[in-house]
Amino acid sequence: MKPGNKHIEKLKSLLIGILALKTLLVEYDFRQQEGRFHEVLQSLEEAEPVEEASPPPKSSAEPSVPEKQDLRRKTKK
């Protein structure tokens, strides 16, 4: 084995170690972000409970629909 090959093998080992460490750091960061997301979501749910049973409020921009009217003309007898 040439002396230069030892250095190449050491560099390869270091690069593999660096890539493994970077993967672990990315995964750790993802788990932290996921934890923060769940904390925020829970605090929002506690601040404003979701009411599933009640229908959504009507928007004031929507025109109200008049009741059906009998539009037939009354004939005189």
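## Terms and basis of the model

A residue is called buried when its relative accessible area is under 20%, exposed when that area is over 50%, and partly exposed in between, using a 1.4 Å probe and protein chains only. The structure described here is a predicted model, in which local features need pLDDT of at least 70 and side-chain atom pairs count only at pLDDT 80 or more, while totals for chains, interfaces and linings use all residues. Residues are numbered from 1 along each chain as its sequence is written, and side-chain values use heavy atoms, with hydrogens and water left out.

## Overall picture

The protein holds 1 helix and 0 strands, where helices (H or I, at least four residues) and strands (E, at least two) are DSSP runs numbered from the N terminus. Helix 1 covers residues 3-47, and Leu15 lies in it.

Of the 77 residues in the protein, 0% are buried. The protein exposes about 8,700 Å², and carbon and sulfur atoms supply 61% of that area, with accessible areas taken from the Shrake-Rupley method with a 1.4 Å probe and, for residues, only the protein chains shown counting as cover.

Side chains of opposite charge can pair when their charged atoms come close. With a salt bridge defined as a side-chain nitrogen of Lys or Arg within 4 Å of a carboxyl oxygen of Asp or Glu, the count comes to 2 salt bridges.

One of them joins the side chains of Lys12 and Glu9, at 3.9 Å from N to O. Because Lys12 and Glu9 are 3 residues apart in helix 1, about one helical turn separates them. Lys12 counts as partly exposed, since its relative accessibility is 47%, and Glu9 is also partly exposed, with a relative accessible area of 40%.

The side chains of Arg31 and Glu27 meet in a salt bridge as well, at 2.9 Å from N to O. Arg31 and Glu27 are 4 residues apart in helix 1, so they too are separated by about one helical turn. Arg31 is exposed, at a relative accessible area of 53%, whereas Glu27, at 36%, is partly exposed.

## A nonpolar surface patch

Leu11, Leu14, Leu15 and Ile18 make a nonpolar surface patch of about 410 Å². Patches are made of residues with over 30% relative accessible area and no salt bridge, with like charges joined within 9 Å and nonpolar side chains (Val, Leu, Ile, Met, Phe, Trp, Tyr) within 5 Å.
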